[in-house]
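Here is a friendly walk through the model shown below. Keep the viewer open as you read.

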Amino acid sequence: MKSSVIIFPGSNCDRDMDVALKKFGFKNKMVWHNDQSIPKSDLIVLPGGFSYGDYLRCGSIASKSKIIKSVIDFANSGGLVLGICNGFQILTETGLLPGILQHNKYLNFICKNVFIKVKNKNNKYFKNIKKEILELHIAHNEGNFFCNEKELKILEDNNQIAVTYCDSDGLENDENNPNGTIKNIAGIFNKSKNVLGMMPHPERMIDKYLSGEDGSLFFENLLGNLK
Amino acid sequence: MTKVTESVAIDHGLKKEEFSKICELLKRIPNITELAIFSAMWNEHCSYKSSRKHLKKLHTSGKQVIQGPGENAGIVDVGDNDAIVFKIESHNHPSFIEPYQGAATGVGGIMRDVFTMGARPIANLNSIHFGSTQHKKTKNLLRGVVKGIGGYGNCIGVPIIGGQTSFDDSYNGNILVNAMTLGLVNKNKIFYSKAAGLNKPVIYVGSKTGRDGIHGASMASATFDDKIEEKKPTVQVGDPFTEKLLLEACLELMSDNSIIAIQDMGAAGLTSSSVEMASKGNLGIELNLSKVPCRENKMSPYEIMLSESQERMLIILESGKEDHAKKIFDKWNLDFAVIGKTNNSNKIELIFDNSKVAEIPIDLLAEKAPVYDRKWKKTKLPQKLKFDKDNFKSLSVSNCLKKILSNPNISEKKWIWDQYDHTVMGDTIQKPGGDAGVVRIHGTKKAIAASIDSSASYCYSHPLTGGKQVVCESWRNLISVGAQPIAITNCLNFGNPEKEKNMGEFVECVEGIAEASKYLDFPVVSGNVSFYNETKDKGIKPTPAIGGVGLLKDYKNMLTMDFKKVGNIVFVIGKTEGHLDQSIFAKDILNEKKGPPPSINLFNEKNIGETLLKLIEKKLIHSCHDVSLGGILTAVSKMCIMGNKGLKINNFKELTNKYEYFFGEDQARYIVEISKDNIQKIVEILNNNSVHFDDLGVIQEKNLTFNGDINLPIEELSDTHKYWLKEYMNN
């Protein structure tokens, strides 16, 4: 399987993503933001970081970058696009995903392990995943997802909510909501479920010496579903 | 143009005698730009004029040392062509005036020192010290500093893997912000700041030059008074995004042989970077200031030379490589300008608007800068206090423990490190909160451990012992995670060197550091001195911060401090005498601040540390934590909390005075968890090496117990330990 990771100036999880994808068997290529086109890929990843310094608004400048048209075209033709953290912010700015990511509720950067619950397995990302509840890592300043009621209803009606913050038993409540996000949302799909944006970083949890191994489950499963 | 007089010189932070010396050396009165250059190079921050004589005493060599002090950072060899570049630096003065930007640019500055040498930064640490928790400024300063460190480090994408936070009245008017960075470089591809070759292009890259940070280095070389708010414009403003681009662009250019020398523009900006490069290369340098990319209109040569705008580098390139280099910096959207060339004049010559605006022989700014042998006073070892039984009568061990665990200087600092990205780069295998942070060397079996320590109370009480103690503490922290200690970097934070007492504290701390690092073969490879941490005549306690670096040959052997398994045995390695003077217990419970710090026995320190490393190598140790502030009971409580296990403490003969045993802060001690099956093997090794140990107890579920004296659920200890900082910041 072939993947491409887009590097924007200020991306800083690009290498980590490259390492993770290769570890689980993807043939990954790095693509510079100023390139015109993306090599033939089964998956495009927008990595975490601070694209263009997060100036103006997180992800907004990246959503106008040269490469982004190819990303949008790829998504619209059904290709898998995964945005992690800043990548999620970029996806909402491009309009591929609804809503926005606001400052965390207590206005602090948060870096810690969290539990997330998989809400929809009927897609390439989570189909067959062995666990309902994954322990992943978050590291962000703007992960507080927000959308209006109409948009939320559409998200719910179409099963577009991908993952939510919860405790180790799957309980979703305010206590387990790290950043004030609406409905504990940690990640969402587009309507056809080929575009996924989420705040947690699976690429930081890929061996037992790191914060945990549930990231491995995510990538192994994704690769399995693409074969 | 301002006419230069003695009073103008004094306004620039120069002393009367220094101005006369400048005129004498120059054989004329300098113009205002030249005066600015002298003031920048001759101030304490850049010239080390008060400290130089004593810094020579430091032990700086060793078989793994590739580069000792004197370059942008120190470098040690960690095998297989891998080398670790590291340094610590202070940003105290600016952080007190403007905590966010002060701390942020401190992080930015130290990272540049590391990647200037060709290394990719792989970890950051920091040591931050604030005034009393009751002081009205403390909370905002803490919040601002943490946000500043996080704001910069998180954006660059380098994990912050450890640190130290303390509170003490002596920092009420002068907080300390020390930042440390470690980078990884191929030992055959290290870049230095020594210029070489004639007519080589001098290149300016990075951000544009603005009016921020003018006189920053002079500000950092003076004490504070009531008017410090007026000094805000001397604080630089950081842009981590540009730094990230600069990092990537520099490393890209460094992948071939285009660069002869490279130096970041830190304190005293373009002035010190150009002078240092020329001085090290024994060359002259000519700069055309009209070509310097400026952010603001009509900047004068004076402003351009003194600006401390961040994220800028000066490079001396191989001739003919300009286009190649420019392409890389264009790709990263950074300024690139050829602003001068090297020559054999041994002078710095500045051109602006086609006329020469300054001309100074380089040696006057470097070797001929003043060096002072300041008067200093020895600190006598205080008399040891006598605690009698009446002191302890009304106390309960459990209550003392709870009070100590929630002491601001002991309590958990999760509120801080949750705001730092400590997992980016995907190699952090020990996060903040342990004895040392550990990151793997990407793609190898090796890992690097790093710790940052200081003990201001010990250093204040007896600087010589304190200096030794900090080095030993660093050594112990590295061993506790299973790393072989390699070398240290020191950040020497002191008061006013013109006062004999403060100067004495500096001299004796340095001597203590030197003695311990020599004995332990734990050399100092880089560092920084911050004097004048004084406000309205009140100086800080002497606070040398030591950043230690160690190597794990196989990261799978790394240890953590959390207790692992119920039924396992817990030993205290090293002898407990019960030294309470200067302990948290004496200060917090008995309200007694006098007495000497615990003494340091370097022979024991080395012997015990090396013996423990042998046990670790044989995989006989399951968890380990050094005993420091708060003594044995505090140390085991943390191990219980982190492992969510209890401990049943034995009643044994060493326990004549339980307060002394549990809370004494004797040095060279560790707590280790071992399995029952290995006791014999371990005891044999300890005995063969003449290492004292106590069989402290056995790990159990849920509770910490001792006779009828202690029966505390771990959950309660955990809440006590974790509660304080969060509560303090949220109120």
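Predicted model: local features only at pLDDT ≥ 70, side-chain atom pairs only at ≥ 80, totals over all residues.

Residues are numbered from 1 along each chain as its sequence is written, and chains are lettered from A and ligands numbered from 1 in the order in which they are written.

You will find A:Asn159 in the loop between helix H4 (149-157) and strand S9 (161-166) of chain A (helices are DSSP runs of H or I with at least four residues, strands runs of E with at least two, numbered from the N terminus). Its phi is positive, near 55 degrees, though the residue is not glycine. B:Met425, also no glycine, has a positive phi of about 85 degrees. B:Met425 sits in the loop between H17 (414-417) and S14 (428-430) of chain B and is buried, with 24 other C-beta atoms within 10 Å.

## Chain A as a whole

Chain A has five helices and eleven strands. Its C-alpha trace spans about 45 × 35 × 35 Å along the principal axes, and 54% of its 227 residues count as buried.

## Where the chains meet

On chain B, 21 residues are in contact with 21 residues of chain A (contact means C-beta atoms, placed from the backbone, within 7 Å). H8 (138-156) and H10 (240-253) of chain B each supply at least two residues of the side that touches chain A; the largest share, four residues, comes from H8(B).

Key:
Contact = placed C-beta atoms within 7 Å. Buried ≥ 20, exposed ≤ 12 C-beta atoms within 10 Å, placed from the backbone.
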